[in-house]
Amino acid sequence: MDQARSTISKIFNGEPHSYTRFNLTQNMEGDNSQVEMKLSSDMDEEVGGNGVGDHLNHNSNRKPYMAQKLGRTPKNLCFMAAATLLIFIIGYLIGYLVHRKKDLAPSCAPSVLPVEEPVPHETGAAPLMDWDDVKNLLAQKLSPSKFETVFSEFSSSSHRAGSPGDDDLGNQVLSKFKENGMNTWTDEHFVKVQDAPVSGYNRFVFKNGNEERPNGFLSYSANGTVKGAVLYAHYGQESDFRMLRDKNINLSDRVILVRAGRITFAEKVANAAKMNASAVLIYPDPDDYSIEADIQLFGHVHKGSGDPYTPGFPSFNHTQFPPVQSSGLPNILAQTITARMAASILRQLGGQSVPEGWRGINRLGEESDVITVDVNNVLTEKRINNVFGVIKGFVDADRYVVIGAQRDAWGPGFATSTVGTSALVELARSISDMVKNDGFKPRRSIVFASWSAGEYGSVGATEWLEGYLSSLNMKAFSYINLDGIVAGRNAFKVAGSPLMHSLIESALNEVNSLNKAESLSLQFAKGNWQTNMLEPLKLDNAAYPFLAFSGIPSVSFRFTSGSSEYPFFGTMLDTRDKLNSATSHQVPQLAEIATRFAGHIVLRLVHDHLLRMDVMKYDKIIRSHVGRINGKVKDIRRLQPQLFPKALTVQWLILASGSYSRASRNLVLDIQNSDLDDIEMCRIINDRIMAVERNFLSPYTSPRERPFRHILLGSGPHTLEALSNHLDAFRTDHPEADADLFHNQFALATWTIQGCANSLAGDIWSLDNEI
C-alpha cells in the first residue's frame with residue numbers, strides 16, 4: 001500500500017502526499033473491533049482546512065507538476081485523463097487487496113490496539129441465578145443444629161430495654177453482622193418509659209379485705225388513687241361495653257375488671273376511658289391462660305407505638321421540643337393483677353347476671369362492691385440502641401427490604417426476643433454467605449435491624465421510622481417482622497399488607513413444614529390459607545407502625561398452639577423450658593422453618609425484576625368498604641332524610657373507587673406489555689407499586705395527632721372503618737353523630753383514594769379526574 005501511495009505521489013507531484021492514520025476502538029456488547037481510517041491532505045483542503053490534518057494543507061496557488069510539464073493541448077488532456085483513470089483503477093485494486101488481506105490476518109499488528117476479551121458484568125437486565133437455585137442455597141445454609149448454638153449465645157435472664165444486658169446483646173448482634181462482612185451502624189435514642197415504682201409499690205384494697213401489692217405493672221398508666229365500684233366487662237372490647245350499656249348499667253367512675261386477651265391492654269383501657277371509667281384491672285383468666293395463679297403480667301397501655309412523649313418525631317438527644325404527649329396515652333389508672341387476686345374479687349361480686357356467653361362468673365358487680373386502686377409508676381429516660389447491618393444490592397442498591405427483631409424483654413423473653421434475634425442473625429449469616437461464596441447477587445439491598453424497647457410498644461422501631469421517614473420514603477419497600485415467630489407448633493398464622501398476600505401464598509407453598517412431605521400451606525391452610533391462616537395485623541405488632549404509620553408493606557407470622565395463645569408472653573416465665581413444653585421440644589426445627597419462610601419472602605423481593613406485590617388486592621377491599629357505606633347512607637336517607645344535605649352523595653366515593661380499580665388494572669397491563677429486561681422500565685413500574693401503600697396514608701391528618709394514618713388499616717376518624725361506624729351512630733341517634741363532621745371526613749377519605757389512584761396511574765396524562 002505504501003508503494004502505491006509513493007507511485008501516485010510521484011506522478012502527481014513528484015513528492016509524497018501526507019496522510020494521517022489513527023485507530024478507533026468501538027466497544028459494542030463487549031466485543032472490540034478495529035477500524036483504521038486514513039485522511040489525505042487533499043480531503044482536508046476540500047473541506048476548507050477544518051478538522052484533523054489541518055496543519056498539512058498545501059499552497060492553493062501551486063500548479064500540479066503534470067500540468068506544468070505537459071501543457072493544456074487536447075491530446076495531452078485526453079492522455080492525462082486516461083492515465084489518471086488507469087492509475088485510479090490500479091490504486092483501487094491494490095488498496096482493496098491489501099485491506100482484504102488485513103481483515104483476514106490475525107489482529108496482531110503493532111499499529112493496532114490488542115483485542116481484549118469481554119469481561120462479564122452485572123447489568124441488571126436479568127438475575128444471574130435461577131430462583132430454584134436461590135431457595136435451595138438458602139435451605140442448605142440453615143439447619144436446626146445451628147440454631148441450638150445461636151440460642152445459647154443470645155439467651156439472657158435480664159435484658160430489659162436500656163439495661164446493661166440489652167447493651168451486651170446489641171453488641172453481640174453487631175459483632176455477628178461484622179463477622180459476616182456487612183456494613184454496620186447503630187442508632188441511638190433517648191426515650192421516656194414508665195417503670196414500676198422503685199421504692200414504693202402499686203396496690204389495691206377490695207371492700208374491707210387485705211391490701212394486695214401486685215408486682216406486675218402497665219407502663220404509661222396514669223398515676224394516682226381512685227375509689228369506685230367494680231364492674232366486670234369480659235375482655236373489655238367495644239362490643240362488651242355495648243352489652244353493659246344495653247343493660248342500663250352506669251359505667252361512669254367504675255373500676256373495670258377485664259380478662260387479658262383478644263385485644264391489647266391499651267385498647268382495653270382506651271375503651272374503658274370512653275365509658276368514663278376511673279380505672280382498669282386486667283388479669284389472666286384460667287380459661288385463657290394455663291399458668292399458675294400467682295403469675296404477674298407486664299405490658300403497656302399506650303394506644304400507639306414509640307415514645308409517647310415525642311409523638312410524630314424522633315427521641316434524639318438534645319432535641320428541643322416543647323412538652324407534649326401522645327393522644328394515645330390513657331388518662332385513667334391501669335394495673336395488672338394475678339388470677340388469684342381476680343378470683344377473690346369475682347367471688348364477692350353482686351349485681352346483675354352476666355350477658356349470655358360470658359363464661360366463668362355469674363355477677364357483674366354492683367355499687368357496693370367498692371375497690372381502692374393506687375398506681376405509682378415512675379417515668380424515666382433511657383438510652384437505647386438499635387443495631388443494623390446491610391447486604392447491598394447489585395442493581396438498585398438504594399432500594400431495600402428491612403427485616404427486624406426485638407432484642408429486649410421484661411424477663412428471660414425466650415419466645416419474645418431470643419428466638420427472633422437468633423433468626424435474624426442466622427438469616428444474615430446465610431444470605432451473606434450466599435453472596436460471598438455462591439455467586440448470589442441480590443438486585444436490591446437487605447437491611448437487618450435489631451430493635452430495643454419493643455416491650456414498651458415498638459419504641460426502638462418507631463423512633464427509627466420517625467427519625468428517617470423522609471429518607472425511607474420510596475426507599476424501604478417492605479418490612480418483615482421476626483418477633484414471636486415460635487409460640488407453639490399446631491398452627492401457623494400470618495398477618496400483613498394485602499399487597500403482599502400473593503408473595504405470602506407463594507412462600508407458604510414453597511417452604512416445607514415439620515412434615516417434610518408437606519408445605520406449610522398443605523399442612524395448615526386446609527384448602528384456603530386466607531381463611532385458616534391469615535389474621536389482622538394488631539396494634540402491638542412491630543410491623544404495624546411500618547404499615548399504618550410509614551406506609552411500608554409489612555408482614556408478620558408465627559407458629560402457635562392453635563386456639564390458645566402462648567401464655568408466657570409478658571411474664572417472667574418466658575423461658576426455653578416453657579417454650580419447649582409448648583412445642584414438644586422442637587424449637588430449633590420450628591425456628592429453622594420460620595427463618596426459611598422469612599428468607600423466601602426477603603429473597604423474592606430482592607431477586608425478581610419486579611416487586612411481587614399485587615396492587616389489585618386493595619381493589620376488592622376498597623369496593624367492600626364503599627358498598628357497606630353506600631348501603632348505610634341509603635338506609636339513613638330513607639329513614640332520616642333530614643340528617644344529610646342533598647349535596648352529599650356517595651357517588652364521589654364510588655367514582656374514586658372506580659378510579660383506583662382502573663389504575664390498578666392499567667398497571668397490570670403496563671407490566672404485561674413492558675420489556676422487563678429494561679432496567680429503567682422495571683424501576684419506574686416498581687416505584688408506582690411502592691407508592692400505593694404510602695398513598696393510603698391520609699395527607700389531611702397530622703402524624704402527631706393520628707400517627708396511624710392509613711385509611712384502610714390504620715385507626716382514627718379518617719379511616720373508612722370510622723366512616724362506617726359514624727353512620728351506625730346516626731342510625732342509633734348516638735350523641736357523637738355529627739352530619740357536618742361526617743361530610744368533611746367523607747370528602748377527605750374520598751380524595752385520599754382518588755389521590756392514590758392518580759399516583760398509581762403514573763403519567764400526568766393518564767390521570768383519571770372524573771370526580
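Student: In β15, which residue is the bridge partner of Asp-396?
Tutor: This is a predicted model. β14 covers residues 396-406, and eight bridges join β14 to β15. The bridge partner of Asp-396 in β15 is Arg-444.

Student: Do β14 and β15 run parallel or antiparallel?
Tutor: Strands of a sheet pair through backbone hydrogen bonds, in one of two directions, parallel or antiparallel. Here β14 and β15 are joined by eight bridges, and their direction is parallel.

Student: Which helix makes a right-handed β-α-β unit with β14 and β15?
Tutor: The two strands run parallel. The unit they make with the helix is right-handed. The helix spans residues 414-437 and is α11.

Student: How many bridges join β13 to β15?
Tutor: β13 covers residues 378-391, and β15 covers residues 444-451. These two strands run antiparallel. Gly-389 has Phe-448 in β15 as its bridge partner, and Ile-391 stands opposite Ile-446 in β15. The number of bridges joining β13 to β15 is five.

Student: What is the order of the strands in the open sheet?
Tutor: Seven strands form this sheet, and the pairing is mixed. β15 pairs antiparallel with β13 and parallel with β14. The order is β3-β13-β15-β14-β16-β18-β17.

Student: Which strands stand at the edges of that sheet?
Tutor: An edge strand here has a single partner strand, so one side is left without a neighbour in the sheet.

Student: At what angle does helix α19 run to β18?
Tutor: Helix α19 covers residues 587-607. It lies across β14, β15, β16, β17 and β18. Its angle to β18 is about 160 degrees.

Student: How many residues of β15 are buried?
Tutor: Buried means under 20% relative accessible area. β15 is mostly covered. The count of buried residues is eight of eight.

Student: Is Asp-253 buried or exposed?
Tutor: Asp-253 sits in the loop between α8 and β8. Its phi is positive, near 65 degrees, and it is not a glycine. Exposed means over 50% relative accessible area. At 53% relative accessibility, Asp-253 therefore counts as exposed.

Student: What is the relative accessible area of Lys-526?
Tutor: Lys-526 lies in the loop between α15 and α16. Its phi is near 55 degrees, a positive value in a residue other than glycine. Lys-526 is exposed, and its relative accessible area is 70%.

Methods. Residues numbered from 1 in each chain as written. Predicted model: local features only at pLDDT ≥ 70, side-chain atom pairs only at ≥ 80, totals over all residues. Heavy atoms only, no water. Pairing = 2+ DSSP bridges. Helix = DSSP H or I, 4+ residues; strand = E, 2+ residues; numbered from the N terminus. Contact = heavy atoms within 4.5 Å. Axes fitted to C-alpha atoms, helices over the stretch in contact; angles between N-to-C directions. Buried < 20%, exposed > 50% of the residue type's maximum accessible area, 1.4 Å probe, protein only. Right-handed = clockwise from strand over helix to strand, strands pointing away.
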